[in-house]
Structures are given as C-alpha cells and as structure tokens.
Amino acid sequence: MDNNNYTPPLGYKALTPFYDLVIRYLTRESAWRSALVKQINPLPGDRILDVGCGTGSLLAVLAEQCPEADFIGLDPDIGALERASKKLNSPNVRLIPGFLSKEAVPKGWQPTKITSSLMFHQVALEKKSEIAKIMRSLLIPDGELHIADYAMQKSPLMRAAFRMTVQQLDGVEDTKHNAEGILEKILVAPGYLTEKTLSFPTATGSISLFKAKFVAS
Ligand SMILES: C[S@@+](CC[C@H](N)C(=O)[O-])C[C@H]1O[C@@H](n2cnc3c(N)ncnc32)[C@H](O)[C@@H]1O
C-alpha cells in the first residue's frame, strides 16, 4: 500500500492514550477478544501476523498463551506501537511500523495465520479488498485468516450504537461500508472458505468474528 493516510486507533492521535480503556469498557473486549484468541488457537511453530496491531492487546494475550509461536505486529501508527512495545517484552514478538504490503514482513517469514482486529472498518473502501488480497498472498497454502471487526450492523439498535460511537470518532466514509456488509462480501467470495463464527452486540455496535481459509487457485 503506498497511501500514507490512515485513521489512528481511536480516530485522533491525541486519543491514543485512552484507546485501551475505551475498548475495554465500551466493546465487551474480554468477550470478543478471548473468543478471537480461542479461534486463532496459537500453536508452537505458528507464525502469526497481526495486521493493524495497534497497542498490542491481542499480541499480548496470544504470546502469553503460546510462547513457542512467533509473532509479528504491523501498524503504521508509531504512537500505538510504542504503547505495544511496553506491553510486549517477549523475544518472539516483533513490531514492524508500516502498512500491509507483500514486502512488509521479513523475507522467508510466511505466516501460518493472519489476524486483524478492529482494523478493516477504519480503512478506505478500495483498500479493504486490497488488504484481504495481500493477506491471502502472504499466507502459507493452508493458512488461516482470523478477523474481528464491525461488520454488518443488522439491527436498528446496533446501527444506532455504531453511528453514535465509532462513526463519531472514525468518520462515516470508511466505516459505513462495514455497517452495510462489505466484509461479508469480501470474505464470502470465490476462492474463500469463510465462516462468520460469532457476533457480539456492544455499546459501539456489533463486533463479528470471521475465520477464512483459501481454496487453491
Ligand atoms: C482500532 S485500531 C485496532 C488496534 C488493535 N488491532 C486492537 O484490536 O486493539 C486499528 C489499527 O489499524 C491501524 N491501521 C490502519 N490502517 C492500516 C493499514 N492499512 N495497515 C495496517 N494497519 C493499519 C491503525 O493505525 C490502528 O492502530
């Protein structure tokens, strides 16, 4: 990706210090994040890439659960990565500044699993499918993609919650497509074997988990 525009973790750089607290108390974080960790199921020998790792909350739990796996967190936001590095003092977790690209990870380091939490909704429409394609190209042939994000907001209550919280901070342009179901469209496409595994109603809208594998083309 050559575009340097991105939305910081809580919409504005000045709010990054409050990110972890807001996510913990407003998104039922312990429920969806622990379900995501269970779904990822890190195993010894796994190479796991967290795209848009932000302040490192997911990597911290994954690395604690499986110190024998190898992790890379990627994020363009230096402030968020500084916070992540304070949380993560494990030699098997590397943090790399930048956007996802085929060259973003070290040569020869092919992920067995790629994960991304709360990143896709902040990304411009044309980049969402581009990121999914790059993820697919990076994974080993039988690799897995695990995503947690605001996807389709089915009920009026969840749409209103999303509008009053996430869209106030992250803006409407990039986020509206998620609320209308773009993730479901991108991930349920030819070549993808995708399950929407769980959805968590929260005060900020519904957060859904996806697990995808790819059919060899
Ligand atoms: C809402 S935060 C989520 C952070 C973390 N994954 C979590 O679950 O708490 C979204 C993160 O995605 C990052 N981001 C935005 N666009 C990105 C891109 N194209 N590639 C990688 N990261 C990106 C932002 O810098 C931000 O830290």
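This is a predicted model: local features need pLDDT of at least 70, side-chain atom pairs count only at pLDDT 80 or more; totals for chains, interfaces and linings use all residues.
**The ligand site**

The ligand is surrounded by 20 residues. The closest are Tyr-19, Arg-33, Gly-52, Asp-75 and Ser-117.

| Residue | Part of the residue | Ligand atom | Distance |
|---|---|---|---|
| Tyr-19 | polar side-chain atom | oxygen | 2.7 Å |
| Gly-52 | polar backbone atom | nitrogen | 2.7 Å |
| Asp-75 | polar side-chain atom | oxygen | 2.6 Å |

How much of the ligand does the protein bury? Taken alone, the ligand exposes 600 Å², and the protein buries 98% of that.

**Aromatic pairs**

The structure holds three aromatic pairs. Two of them are described here.

Tyr-6 lies in the segment before helix H1, which spans 19-26. Phe-99 sits in the loop between strand E3 (93-97) and strand E4 (113-117). The two parts are 93 residues apart in sequence, and the pair ties them together. Tyr-6 itself is partly exposed, at a relative accessible area of 28%.

Tyr-192 and Phe-214 form another pair. Here the ring centres are 4.7 Å apart. The planes are at 75 degrees, so this pair is also edge-to-face. Tyr-192 belongs to strand E6 (residues 192-202), and Phe-214 to strand E7 (residues 205-214). The pair therefore ties together parts that are 22 residues apart in sequence. Is Tyr-192 buried or exposed? Tyr-192 counts as buried, with 13% relative accessibility. Phe-214 is buried as well, with a relative accessible area of 13%.

The charged end of Arg-136 sits over the ring of Tyr-192, 5.3 Å from the ring centre.

**Cysteines without a bond**

How many disulfides does the structure hold? The count is zero. In general, a disulfide is a covalent bond between the sulfur atoms of two cysteines. To count as one, the two sulfur atoms must lie within 2.5 Å.

**Positive phi angles**

Two residues have a positive phi although neither is a glycine.

Arg-28 has a phi of about 55 degrees. Arg-28 lies in the loop between H1 and helix H2 (29-40). With a relative accessible area of 40%, Arg-28 is partly exposed.

Leu-118 has a phi of about 60 degrees. Where is Leu-118 found? Leu-118 is in the loop between E4 and helix H5 (125-138). At 6% relative accessibility, Leu-118 counts as buried.

Technical notes:
Residues are numbered from 1 along each chain as its sequence is written. Side-chain values use heavy atoms; hydrogens and water are left out. Rings of Phe, Tyr and Trp (its six-membered ring) pair if their centres lie within 6.5 Å; planes under 30 degrees apart count as stacked, over 60 as edge-to-face and the rest as tilted. Helices (H or I, at least four residues) and strands (E, at least two) are DSSP runs, numbered from the N terminus. Buried means under 20% relative accessible area, exposed over 50%, partly exposed in between (1.4 Å probe, protein chains only). A charge sits over a ring if NZ of Lys or CZ of Arg is within 6 Å of the ring centre and within 35 degrees of the ring normal. A residue is near a molecule or strand if one of its heavy atoms lies within 4 Å of it. A polar contact is a pair of N or O atoms within 3.5 Å; within protein, one must be able to donate a hydrogen and the other to accept it, and residues adjacent in sequence count only if both atoms are side-chain atoms. Accessible areas come from the Shrake-Rupley method with a 1.4 Å probe; for residues, only the protein chains shown count as cover.
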